[in-house]
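Please open the structure in your viewer and keep the selection panel at hand.

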Amino acid sequence: MFLHKLKLLHFRNYEQQELSFNARINIFKGNNGQGKTNLLEAIYYLAVSRSFRTNYDQELVHWNKNDFFLKGNFQKGEDFYAVESAYQGFSKKFKIKVNGAEVKRSDFIYQFPVVVFSPDDLLLIKEGPAGRRRFLNLEGSRLIPSYYRKLKDYQKVLQQRNRLLKEKRSNFFNRDLFEPWDRALVSLGSSIIKQRISLLKNLEAQAQVFFEQLSGYKEQLSLNYVSSVTMADLSEKTEELFWDQLNQGRGEELKRGYTLIGPHLDDFLILINNYEAKKYASQGQQRAAALALKMGEVNLFCQARRESPIVLLDDVFSEFDPERRLQLLNFLRQREGQSFITTAAPFDKQGLQEGEFAIFSVYKGKINHEGARVNPGKNAPAEKNVASIQPKFDH
Amino acid sequence: MSYPQTLEKLVESLCRFPGIGPKTAQRLAFFLLARPREEVVSIARAMVEAKDKLFFCSNCGCLTEIEPCALCRDSRRDRGLICVVQEPRDVLVLERTGQYHGLYHVLHGALSPLDGLGPEELRLPHLFSRIKENNVREVIIATNPNVEGDATAAFIARLVKPLGVTVTRIAFGLPVGGDLEYADDLTLSRALEGRREM
């Protein structure tokens, strides 16, 4: 998938900006606070209809304006899509149009696949298991059709069961009352665990390839699922083990008043050369591992949907040595889809060929295209005359 | 301009109906005002009468005007069959099929610790004594196909089976007359699970 053109009006620190992109690699240089990340955010917002930084549309509006408008020309395969997003601050109304026809926000998600990597993604490695579970759940929901419904049901069962445990804390244990919730917990939980393990295996295979290339084939990445259900071997009968351990832990659960076993407490380990990345890896290695997870996600997505997502890399070069930078650029050159990269450091082209990249400089909410001619991609569309939702601004 | 107080009160009262907002309430209020007095009185009377005369059968929990209810009295119905449902309106729906000739048991909810609904609140002990006292052959569980409904079904099945009674759950799957391609994934996967040999 490609984004050929982008128009921003009153979005974050951009008053008005129109851009044409390269179909391969686009690089945005500039000092801190000039609007590099805001531009990635605009692309993400246009494709997914939400931001990766905030849940409040109001924050996206230019500081002395009331509304924002974005328009992008996407290409998927041989088809062209003009996508428009408009937000009105007064009414808090939001509209999306695709090729001139209004679309519901909920129908829009995942239509235009984008993957973003920002410095926050490092937390995936550094912080506690909650972030990693969220990552697995998000990927599971995207890639496995039944995953989201199962997860929702599991969470409901868990809440009901926890309430039961709290109520009965001081009273005697009533096996009949627990049985139906225990069964549901084990059956949904085991199925979620199994799906996560297979998802993680697929992700590992993809992330490994990227990680090894990035490290110049000197380091290895592995991902190990760690379940609260003790299993000597992941292929073992999860359901039986879960059931037995749930019953063994009953006393402790009744004392504490909540469920102590299940996928809601699981985690996965990220290992570099068999050492836990969280504890033993350097900042650069951790960043490479986090990036490998994201790029693994990109490749999984390609396999599942036969489409290359747009990749947005926010400030990814800052902690990489020259070798890793070169390898990352090589990866981006070799992959099918389009990439957008921001950097605060001077950018070294390192063998990028004419026509496969474009450099833009970002300064105080203005973007200028530098040097190389923009390659508009094959048969870029002639601007169609479609009814626009672009608001009229009176100055 | 604000409404006369009586009108305001009427709109406010109508607002309490489920699914009725201020705008619809206002529309209903003006509708009532435009009708002849007798008609309005008869509507009001119908509401009060329903409230006064209807109650839940102490045996099965169905909505009724007489105790025990017409369904429980009907000697032509099969007393060896009990169908367990969540809500009184579910009985009406099942009756409309004309396919079922047994008795009912209305739970008025499903097991949900979060809402404080346990076996006693759902009158499950009463169901179990009905089964034991009336030589029931089969219990059909028709609770809703969601987390709470499934847990309720599992709870009942576990306690009723040891009594030597057949416990069945109604089938889930495709709406009749529909197209396979329009079914959602979950319905379809439950329909696959519950497939039958031909």
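Buried area is the accessible area, taken with a 1.4 Å probe, that two parts lose on being put together, summed over both. The model on display is predicted.

**Stop 1: the boundary between the chains**

Begin by selecting chain A and chain B together. Between them, the two chains bury about 1500 Å², and carbon and sulfur atoms account for 65% of this area. In terms of contacts, 16 residues of chain A meet 15 residues of chain B.

Next, display the side chains along this boundary. The two chains are joined by 3 salt bridges. For an example of a salt bridge, select K156(A) and E148(B), whose side chains meet at 4.0 Å, N to O. Residue pairs in polar contact between chain A and chain B, with both residues at pLDDT 80 or more, number 4.

The largest share comes from α5(A), with 9 residues. Sorted by class, the side of chain A that touches chain B holds 6 nonpolar, 2 polar and 8 charged residues.

**Stop 2: the two domains of chain A**

Now hide chain B and colour chain A by domain. Domain 1 of chain A is made of residues 1-113 together with 310-395, while domain 2 of chain A covers 119-306. Taken over C-alpha atoms, the centres of these two domains of chain A are separated by 33 Å.

Turn to the boundary between them. Here 18 residues of domain 1 of chain A are in contact with 18 residues of domain 2 of chain A. The area buried between the two domains of chain A is about 1700 Å², with 62% of it from carbon and sulfur atoms.

How many salt bridges are counted between domain 1 of chain A and domain 2 of chain A? The count is 1. Select E219(A) and R324(A) as well: these residues form a salt bridge in which the closest N and O atoms are 2.9 Å apart. The polar contacts between the two domains of chain A comprise 2 residue pairs, both residues of each being at pLDDT 80 or more.

On the domain 1 side of this boundary in chain A, the elements that give two or more residues are β12 (310-313) and α11 (322-334). Of the elements there, α11(A) gives the most, with 7 residues. By class, this side of domain 1 of chain A has 8 nonpolar, 4 polar and 6 charged residues.

**Stop 3: a hairpin in chain A**

Select residues 2-11 and 14-20 of chain A, which are strands β1 and β2; the strands pair in the antiparallel sense over 6 bridges. To see one bridge position, pick K7(A), whose partner in β2(A) is E18(A).

Then move to the turn of the hairpin. There are 2 residues between the strands β1(A) and β2(A), and R12(A) takes a positive phi near 50° in this hairpin. This positive phi occurs although R12(A) is not a glycine.

The side chains of R12(A) and E41(A) meet in a salt bridge at 2.7 Å, N to O. Because R12(A) lies in the loop between β1 and β2 of chain A, and E41(A) lies in helix α1 (residues 36-48) of chain A, the pair ties together parts that are 29 residues apart in sequence. Over all chains, the count comes to 29 salt bridges.

**Stop 4: chain B**

Finally, show chain B again and colour it by domain. The assignment for chain B gives domain 1 (5-53) and domain 2 (63-169). The C-alpha centres of these two domains of chain B lie 35 Å apart.

Is the peptide bond from E67(B) to P68(B) cis or trans? The bond is cis, with omega near -10°. To place P68(B) in the chain, select the loop between β2 (63-64) and α4 (70-73) of chain B, where P68(B) lies.

Methods. Residues are numbered from 1 along each chain as its sequence is written. Chains are lettered from A and ligands numbered from 1 in the order in which they are written. This is a predicted model: local features need pLDDT of at least 70, side-chain atom pairs count only at pLDDT 80 or more; totals for chains, interfaces and linings use all residues. Side-chain values use heavy atoms; hydrogens and water are left out. Domain bounds come from an automatic or database domain assignment. Contact means heavy atoms within 4.5 Å. A polar contact is a pair of N or O atoms within 3.5 Å; within protein, one must be able to donate a hydrogen and the other to accept it, and residues adjacent in sequence count only if both atoms are side-chain atoms. Helices (H or I, at least four residues) and strands (E, at least two) are DSSP runs, numbered from the N terminus. Ala, Val, Leu, Ile, Met, Phe, Trp, Tyr, Cys and Pro count as nonpolar, Asp, Glu, Lys and Arg as charged, and the others, Gly among them, as polar. Two strands pair if DSSP finds at least two bridges between them.
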